[in-house]
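Visitor: I have a new structure open and would like a walk through it. Can you take my questions as they come?

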Amino acid sequence: MDNYGAHMGQGRTRSTQARRDAVTVEIGYALCSAAFLAALVFAVVAGPAWVFGLSDAAQGTLVGAGATLGAVLFTVRVVSVLNRFTRENDRTGVTQPSQPGRTNPDS
């Protein structure tokens with residue numbers, strides 16, 4: 001009976017560890033992709049200020065707008081990636097079909 005109990009506990013530990021690993025990877029993906037998107041948007045919006053040598057007021061406006069837009073998009077990207085991960089991997093373990101118009105056989 002001890003061996004049976006030991007095996008049961010190991011399975012739960014493995015699935016818990018796998019869940020934690022999946023969450024860690026998803027958080028890393030969300031942060032990296034959001035940082036890339038924010039940097040890209042900032043460069044696109046603020047870049048012309050330095051390339052074309054605009055006035056200080058125009059340069060300040062573009063840099064401020066780029067930083068604000070980059071920060072907003074960073075937040076939106078992180079939230080959307082983590083929200084999607086949570087929806088796809090809710091506690092019931094049931095995921096929605098990947099193709100529109102298809103239903104699960106249980107529905």
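Visitor: What span should helix H2 have at 1.5 Å a residue, and how far apart are its end C-alpha atoms?
Guide: Helix H2 covers residues 56–88, and its 33 residues should span 48 Å at 1.5 Å a residue. Its end C-alpha atoms are 47 Å apart, which agrees. The expected span is 1.5 Å times one less than the number of residues. Helices here are DSSP runs of H or I with at least four residues, strands are runs of E with at least two, and both are numbered from the N terminus.

Visitor: How was the model made, and what do the values leave out?
Guide: This is a predicted model, in which local features need pLDDT of at least 70 and side-chain atom pairs count only at pLDDT 80 or more, while totals for chains, interfaces and linings use all residues. Residues are numbered from 1 along each chain as its sequence is written, and side-chain values use heavy atoms, with hydrogens and water left out.

Visitor: What is the mean pLDDT?
Guide: The mean pLDDT, the predictor's confidence in each residue from 0 to 100, is 82 for the protein, and 73% of its residues reach 70 or more. Over residues 1–7 pLDDT stays under 50, and the model has zero contacts beyond four places in sequence for them. Contact means heavy atoms within 4.5 Å.

Visitor: How many helices and strands are there?
Guide: The protein has two helices and zero strands.

Visitor: Which residues of H2 are buried?
Guide: The buried residues of H2 are Gly66, Gly70, Val78, Val81 and Phe85. Buried means under 20% relative accessible area, exposed over 50%, and partly exposed in between, with a 1.4 Å probe and protein chains only. Of the 107 residues of the protein, 13% count as buried.

Visitor: How many salt bridges does a search of the whole structure find?
Guide: The search finds one salt bridge, meaning a side-chain nitrogen of Lys or Arg within 4 Å of a carboxyl oxygen of Asp or Glu. Glu26 forms a salt bridge with Arg84, and the closest N and O atoms are 3.5 Å apart. Glu26 lies in helix H1 and Arg84 in helix H2, so the pair ties together parts that are 58 residues apart in sequence.

Visitor: Are those two buried or partly exposed?
Guide: Glu26 is buried, with a relative accessible area of 15%, and Arg84 is partly exposed at 32%.

Visitor: What else is Glu26 in contact with?
Guide: Leaving aside neighbours within four places in sequence, Glu26 is in contact with Val81, Leu82, Arg84 and Phe85.

Visitor: And Ala34, is it buried or exposed?
Guide: Ala34, in helix H1, is buried, with a relative accessible area of 0%. Beyond four places in sequence, Ala34 is in contact with Phe74, Arg77 and Val78. Ala34 and Arg77 are 43 residues apart in sequence but 5.4 Å apart in space, C-alpha to C-alpha.

Visitor: Changing topic, how many aromatic pairs are there?
Guide: The count is one aromatic pair. The ring centres of Phe42 and Trp50 are 6.2 Å apart and their planes are at 55°, so the pair is tilted. Rings of Phe, Tyr and Trp (its six-membered ring) pair if their centres lie within 6.5 Å; planes under 30 degrees apart count as stacked, over 60 as edge-to-face and the rest as tilted.
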